[in-house]
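I opened the model to look up a helix pair, the ligand shell and some backbone details. My notes are below.

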Amino acid sequence: MNFESYILPHIWNLKPYSSARDEFKGNEGVFLDANENPIGSATEESWNRYPDPLQYDIKTILADIKHCPIDQIFLGNGSDEAIDLLIRMTCQPGQHEIIICPPTYGMYEVSASINNISLQRINLTLDYQLDVAGIQSAINQNTRLIFLCSPNNPTGNKLNRSAIYEVLQSFQTGFVVIDEAYIDFSDEPSFISELKAYPQLIVLQTLSKAYGLASLRLGMAYAAPKLIQLFNKIKPPYNIGGATQKIVLEALQNKEFVKKSVELIKIEKENLILKLASQKDIIQIFPSEANFVLIKFNQAQELFDYLISQKVITRNRTNVSLCEGSIRITIGLPDENAYLLKKISDFYA
Ligand SMILES: Cc1ncc(COP(=O)(O)O)c(C=O)c1O
């Protein structure tokens with residue numbers, strides 16, 4: 001793939017910001033280069049030095065976990081940052097287009113709107129799978145990005161792998177993004193292993209879900225080294241703070257926590273689904289490979305309002321096309337799920 005053809009020329013030719021820390025590698029020395037405070041910090045722990053702009057230590061561990069070379073990893077302030085940077089490096093307002101497959105994660109559309117980029121929406125089919133023929137006929141010479149999300153938010157299901165391959169095979173004049181935010185809850189293998197075969201592929205993952213680090217903000221984009229270099233060129237120089245880097249390094253060692261929390265969430269999800277299956281006012285419980293489940297209820301809006309009044313906060317998707325009458329419920333702790341079940345049966349009593 002000739003990357004240069006699909007990247008905006010001003011980004012391809014950009015001379016990036018050169019940070020003070022780019023000029024000297026090493027921790028020992030008298031650092032008078034970055035206008036930092038030499039005394040320390042207004043906190044107990046010291047944060048007075050700028051962090052590693054390329055987060056080498058984190059990437060070294062991730063490379064090992066994901067079986068992927070360091071130069072194919074970009075770290076963002078949440079995967080939302082990677083989505084925004086990708087749009088900014090590939091799409092010119094008034095010219096280029098993005099394809100999304102609703103119902104799906106809302107930030108693809110919001111990020112496109114912020115950047116003033118046109119969208120084509122090719123809805124998922126009624127069973128929430130890709131309409132491959134629809135995507136293929138929407139592709140034109142101005143299409144730069146196709147966003148696919150698997151397991152998909154808010155529907156919870158994985159997209160059929162063969163359909164994803166069909167999209168990858170039919171679109172090589174721009175980039176295909178596969179958002180795997182929920183992959184840790186699924187038995188489906190990641191598409192990271194396909195990066196060599198498909199240079200136009202970008203895989204997004206995040207530490208916000210299975211690793212339990214939503215507040216820290218760390219998302220990953222895995223892609224061809226040439227594309228990763230572009231991400232690094234246009235990102236804010238220190239996009240991942242020192243505190244985040246320190247805690248993430250610790251979290252990546254704790255495989256046991258991830259394993260246990262995924263196990264518990266899966267068990268709780270099955271339990272919730274089983275108990276709800278006997279609730280007669282439920283129209284459909286959609287299959288889920290994520291840490292949430294989409295459920296179609298009778299009187300969904302009223303139920304949602306009632307749950308809020310009982311301080312049980314769920315995600316109302318009743319106004320989302322193809323999710324009419326549905327509420328998305330994140331799997332909570334066992335007593336939280338039990339409380340939710342009780343409140344649902346109180347509402348329908
Ligand atoms: C599909 C999907 N992608 C990305 C994100 C955002 O992840 P992050 O917290 O890393 O920005 C979410 C958050 O809910 C999501 O559902």
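The entries follow, topic by topic.

**Conventions.** This is a predicted model, in which I take local features only at pLDDT of at least 70 and side-chain atom pairs only at pLDDT 80 or more, while totals for chains, interfaces and linings use all residues. Residues are numbered from 1 along each chain as its sequence is written. Helices (H or I, at least four residues) and strands (E, at least two) are DSSP runs, numbered from the N terminus.

**Helix pair.** I looked up helix α3 (residues 79-90) and helix α4 (residues 107-114), whose axes come within 10 Å and cross at roughly 45 degrees. The axes are lines fitted to C-alpha atoms, for helices over the stretch in contact, and angles run from 0 to 180 degrees between N-to-C directions. That angle makes α3 oblique to α4; angles under 35 degrees count as roughly parallel, over 145 as roughly antiparallel, 65 to 115 as roughly perpendicular and the rest as oblique. For the contact I list D80, I83, D84 and I87 in α3 against M107, Y108, S111 and A112 in α4, where contact means C-beta atoms, placed from the backbone, within 7 Å. These residues divide into 5 nonpolar, 1 polar and 2 charged. Ala, Val, Leu, Ile, Met, Phe, Trp, Tyr, Cys and Pro count as nonpolar, Asp, Glu, Lys and Arg as charged, and the others, Gly among them, as polar.

**Ligand shell.** Which residues are around the ligand? I find G78, S79, D80, Y105, C149, N153, D179, A181, T206, S208, A214 and G219, each with its C-beta atom, placed from the backbone, within 6 Å of the ligand. By class, the shell has 4 nonpolar, 6 polar and 2 charged residues. D80 is also on the α3 side of the helix contact.

**Cis peptides.** N153, from the ligand shell, is joined to P154 by a cis peptide bond with omega about 15 degrees. P154 lies in the loop between β4 (143-149) and α6 (161-170). I also noted a cis bond from P102 to P103, with omega near -5 degrees; P103 lies in the loop between β2 (97-100) and α4.

**Positive phi.** N116, in the loop between α4 and β3 (118-121), has phi near 60 degrees. N116 is exposed because 11 other C-beta atoms lie within 10 Å. R217, in the loop between β6 (201-206) and β7 (219-222), has a positive phi of about 70 degrees. R217 counts as buried, with 20 C-beta neighbours inside 10 Å. The cut-offs are 20 or more other C-beta atoms within 10 Å for buried, 12 or fewer for exposed, and partly exposed in between, with C-beta atoms placed from the backbone.

Methods. Two residues are in contact if their C-beta atoms, placed from the backbone, lie within 7 Å.
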